[in-house]
Structures are given as C-alpha cells and as structure tokens.
Amino acid sequence: MRGEGFRESPRRDGLRRVGYVVKRFPRYSETFIVNEILAHERAGLEIEIFALRPPNDSHFQDSLSRVRAPVTYLPSSGFKAVDLWNAVALAGETCAGTWRELHYGASLEAVDVYQAAVLAREVVLRGVEHLHAHFATSPTSVASLAARFAGVPYSFTAHAKDIFHESVRPADLRRKISDAAAVVTVSDFNVEFLRREYGSAARKVRRIYNGLELEKFRFEAPRGRGAGIVAVGRLVEKKGLGDLVEACAILAEGGRDFRCEIVGAGPLLSDLAARVEARGLKGRVELVGPRPQNDMIERVRAASVFATPSVVASDGDRDGLPTSLLEAMALGTPCVATDITGIPEVLKDGETGLLIGQNDPGALAKALEKLLLDSELAKRVAQRARRLIETEFDVRHNAARLREVFDSAQADVGAPGAAAV
C-alpha cells in the first residue's frame with residue numbers, strides 16, 4: 001500500500017526554495033498546512049513562511065515544533081500612506097517589475113499592496129523561486145501582486161470557503177485563477193464546481209487531496225471501545241454540531257447508553273452548551289474544548305464512532321473535505337458523515353463508513369446507533385477506510401505531487417518567450 005511503500009528521495013532537480021503565504025501562522029485548525037510543509041522539508045525543499053497576521057489561537061498542534069521554516073509576519077496595521085509608498089519604493093530598488101506591475105494593485109486593499117511590496121523584496125533577497133498561497137482570499141491577493149513585482153510564478157490552494165462562501169467575488173476569483181501559474185483544490189467536487197462556474201479560466205485547476213502523516217495515525221481495529229461518540233472541529237455553523245446534540249438526545253430518549261465528546265473551540269460554544277443543558281444531556285455530551293493533536297488522536301482512537309454532521313451554512317460556507325474525518329478514518333474509528341461537497345469521495349456508504357443527508361438528526365442518530373451495535377459492520381468499514389486513506393492521503397505522496405506543480409510552473413516561466421506570471 002502507498003502509505004507504507006512510498007519513499008522520499010533528496011531533491012536534485014527543480015525548485016530549491018518556495019515561499020508559503022498564509023493569513024495566520026500557526027492556526028490550530030490548519031494542520032493540513034503544517035503537514036504539507038513538513039513533507040516538503042523532509043524531501044529537501046526549503047520553505048519560507050510569510051503570514052499576513054500574527055496567530056490568535058490559544059492552542060497549537062504538537063507538530064509545529066518540527067517545522068524548520070522561518071516565519072515572517074508581514075506588517076499589517078498602523079501604517080500610513082507614506083509607509084506604503086516607502087515600501088513600494090524599496091521594492092522598486094530590488095524588484096524589476098514593481099513599477100511596471102503596480103497598476104495590478106488598483107483593485108486591492110491598501111494593506112494588500114503594502115504587504116505585497118514588503119513580500120516581493122523579501123522574495124528577491126532570500127532567493128525564493130515560487131510563491132504558494134493557502135486560501136484564495138487575502139493570501140492570494142498579496143502573493144499574486146508580490147509575484148508580479150518579484151518576477152516569480154505563484155500558485156494557490158483554493159479551499160471551500162474561497163469557493164462557496166457568500167463573500168466570494170466571482171470576478172476576483174476568476175482573475176486569480178487566470179493569472180496563477182497553477183491552482184490546486186482539495187476535492188473533485190471543488191474542481192467540477194470551479195470548472196462549471198468559471199469555464200476555460202479554470203481548466204488549470206487540479207485536485208490534490210490534503211495529506212496526513214500516516215505514521216502518526218496508527219490504525220487500531222474498533223474492538224472493545226465501549227459506546228463512545230466523538231466529533232472534532234471548530235464550533236461553527238457548517239460543522240452541524242447542533243444536529244449531533246439533537247441526535248444524542250434521540251439516542252438518550254431511546255434508552256441507548258453512550259457518551260459523546262465534542263472537541264474544538266469556536267463562536268457557537270455557548271449555544272451548544274445551552275442545547276446540551278436544555279436536552280438534559282449533561283454527563284452524556286461534553287464540550288471538551290480544543291486539545292493538542294496527540295490528545296485528540298487518543299480520544300478518537302478510543303471512540304466507537306466518529307461523527308461529521310457537516311452542513312451548508314446560511315452564508316454558503318461548508319466543509320470541503322474535513323481533515324478530522326480523514327484522521328478518524330486513518331485511526332480505525334468508524335465514521336458517520338453527511339453527503340455534502342467532497343465527503344462522498346472518501347466516505348462511501350456501507351463501504352468506508354455511513355453516509356446520511358445533512359440537517360437530519362434522526363438519520364444521524366440511526367447511523368450512530370448502527371455502528372455502536374453492529375461490531376462486524378464497524379470493523380469492516382474501518383478497515384476499508386484505512387486502505388483508502390493509505391492509497392489517497394499519504395502526505396508524502398500528495399506533497400510530492402504539489403512539488404511537481406511548483407516545478408512545472410517554474411519550467412513554464414523559463415520557457416522561451418514566457419512571462420514571469
């Protein structure tokens with residue numbers, strides 16, 4: 001299986017240094033970015049991280065300690081017009097394309113132009129050969145302009161919020177897709193949506209799944225785990241955790257013995273706590289808050305069922321393909337999830353888990369109960385889920401595919417008559 005057999009080899013050709021542009025670093029919920037960077041570093045690619053804002057989380061994942069890449073926080077507040085123009089002037093001394101390409105910043109916020117000028121200068125001074133942004137919002141706005149100034153190609157990974165949220169500006173996203181040397185997204189569902197909505201501009205979009213460090217997610221068959229249910233995610237509308245509380249109430253009313261843990265933090269904490277209280281579920285459903293990854297892994301591995309009741313939120317936001325779901329599948333915990341966006345690509349009903357419709361606590365309760373009671377079904381779907389994760393979600397393999405995208409973009413720039421961006 002690929003998860004066991006894939007081997008890294010030192011890089012002899014292709015890019016040597018890539019700049020990652022992100023909104024904040026680190027972020028508790030963005031383990032997929034850390035996984036990706038670590039895989040690049042293991043393969044010999046030098047990474048520079050550029051964050052538009054400082055972190056604002058109170059908890060961080062253990063794997064951060066292994067990231068070697070330096071983090072540069074671009075100036076983001078308290079600047080004046082003179083600071084912006086000074087930054088542009090400094091970039092102009094270092095980056096040949098600054099004044100020629102400055103008009104591309106006319107549609108951006110002043111802070112984006114300021115950060116792009118600072119970033120472009122750092123790109124040239126540090127020998128960064130390619131910029132890659134995670135999320136098609138401000139990180140890509142800054143990376144795209146900085147790439148023009150510095151004369152390097154850029155790419156970005158588009159996630160669900162970049163594609164489906166009501167705040168998405170189609171003309172802006174179309175321009176970014178057209179201008180980028182390459183565009184990546186994390187599910188076939190996203191690829192098909194972008195190509196349907198943006199036509200030929202999206203022909204370059206390709207799917208590369210977020211990957212997992214499989215050695216951290218040791219598989220254990222689901223035997224003798226008791227009646228534990230667990231969910232992991234930010235406490236926001238799109239996670240559908242209110243439906244999970246209602247499903248637990250249905251199980252309790254039916255006399256089912258169980259315990260449910262919800263791991264994560266977010267703005268809906270008080271609302272969910274009130275639901276737990278109102279439904280008489282104190283002692284059965286616990287909101288445990290954010291936990292370090294090692295602790296989260298043990299909680300998921302100890303549970304009998306993992307729940308991902310994702311929904312399309314009222315603002316259009318939705319999960320693309322939740323990393324927590326992939327982690328549970330890797331660990332051997334049988335999963336129940338809703339059939340939205342990219343989830344059915346991995347959770348195939350009756351094969352690698354149980355799939356239900358969104359906004360249906362009754363169906364969720366039935367699926368949870370089925371896996372709690374049918375040990376053979378639980379064992380069978382868990383084993384198949386692990387095989388799928390090993391085949392499709394090994395971060396070493398998927399990060400290697402992403403490096404091929406970077407190298408290809410650089411090769412295209414180096415072709416006779418090609419432009420930098």
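This is a predicted model: local features need pLDDT of at least 70, side-chain atom pairs count only at pLDDT 80 or more; totals for chains, interfaces and linings use all residues.
Local features are given where pLDDT is at least 70, side-chain atom pairs count only at pLDDT 80 or more, and totals for chains, interfaces and linings use all residues. Residues are numbered from 1 along each chain as its sequence is written, and side-chain values use heavy atoms, with hydrogens and water left out.

**The six-stranded sheet**

Helices (H or I, at least four residues) and strands (E, at least two) are DSSP runs, numbered from the N terminus. Six strands make up an open sheet with parallel pairing, in the order S10-S9-S8-S11-S12-S13; two strands pair if DSSP finds at least two bridges between them. Strand S10 (285-289) and strand S13 (354-356) are the edge strands, each pairing on one side only. On average, and ignoring direction, neighbouring strands of this sheet are turned by 20° against each other.

Within the sheet, strand S11 (residues 305-308) runs parallel to strand S12 (residues 335-338), and three bridges join them. Ala337 in S12 stands opposite Thr308. S12 is covered on both faces: Cys335 and Ala337 lie on one side, Val336 and Thr338 on the other, and all are buried. Here buried means under 20% relative accessible area, exposed over 50%, and partly exposed in between (1.4 Å probe, protein chains only).

**Helices across the sheet**

Helix H10 (residues 241-253) lies across strand S8 (228-232), strand S9 (259-263), S10 and S11, and runs at about 170° to S9. Helix H14 (residues 361-373) lies across S8, S11, S12 and S13, at about 170° to S13. Axes are lines fitted to C-alpha atoms, for helices over the stretch in contact, and angles run from 0 to 180 degrees between N-to-C directions.

H10 and H14 also pack against each other. Asp243, Leu244, Glu246, Ala247, Ile250 and Leu251 in H10 meet Pro361, Gly362, Leu364, Ala365, Leu368 and Glu369 in H14, where contact means heavy atoms within 4.5 Å. By class, this contact of H10 with H14 has eight nonpolar, one polar and three charged residues. Ala, Val, Leu, Ile, Met, Phe, Trp, Tyr, Cys and Pro count as nonpolar, Asp, Glu, Lys and Arg as charged, and the others, Gly among them, as polar.

Leu326, Met329 and Ala330 in H13 meet Ala382, Ala385, Arg386 and Ile389 in H15. Six nonpolar, no polar and one charged residues make up the contact of H13 with H15. A crossing is left-handed if the near helix is turned anticlockwise from the far one by less than a right angle, and right-handed if clockwise.

| Helix pair | Axis separation | Angle | Crossing |
|---|---|---|---|
| H10 and H14 | 8 Å | about 65° | right-handed |

**Gly228 in S8**

Gly228 lies in strand S8 and counts as buried because its relative accessibility is 16%. Leaving aside neighbours within four places in sequence, Gly228 is in contact with Arg259, Ala303, Ser304, Val305 and Leu372.

Strand S4 (residues 130-134) and S5 run parallel and are joined by four bridges. Ala133 has Phe156 as its bridge partner in S5. S5 is largely enclosed by the rest of the structure, because five of its five residues are buried. Tyr154, Phe156 and Ala158 point one way from S5, while Ser155 and Thr157 point the other way.

Thr157 lies in strand S5 (residues 154-158) and counts as buried because its relative accessibility is 2%. The side chain of Thr157 makes a polar contact of 2.8 Å with the side chain of His132. A polar contact is a pair of N or O atoms within 3.5 Å; within protein, one must be able to donate a hydrogen and the other to accept it, and residues adjacent in sequence count only if both atoms are side-chain atoms. Beyond four places in sequence, the contacts of Thr157 include Ala133, Phe135, Asp162, Val184 and Val186.

**Ser167**

Ser167 lies in the loop between helix H7 (160-164) and helix H8 (170-179). The side chains of Ser167 and His165 are joined by a polar contact of 2.8 Å. Ser167 and Glu101, 66 residues apart in sequence, are 27 Å apart in space, C-alpha to C-alpha.
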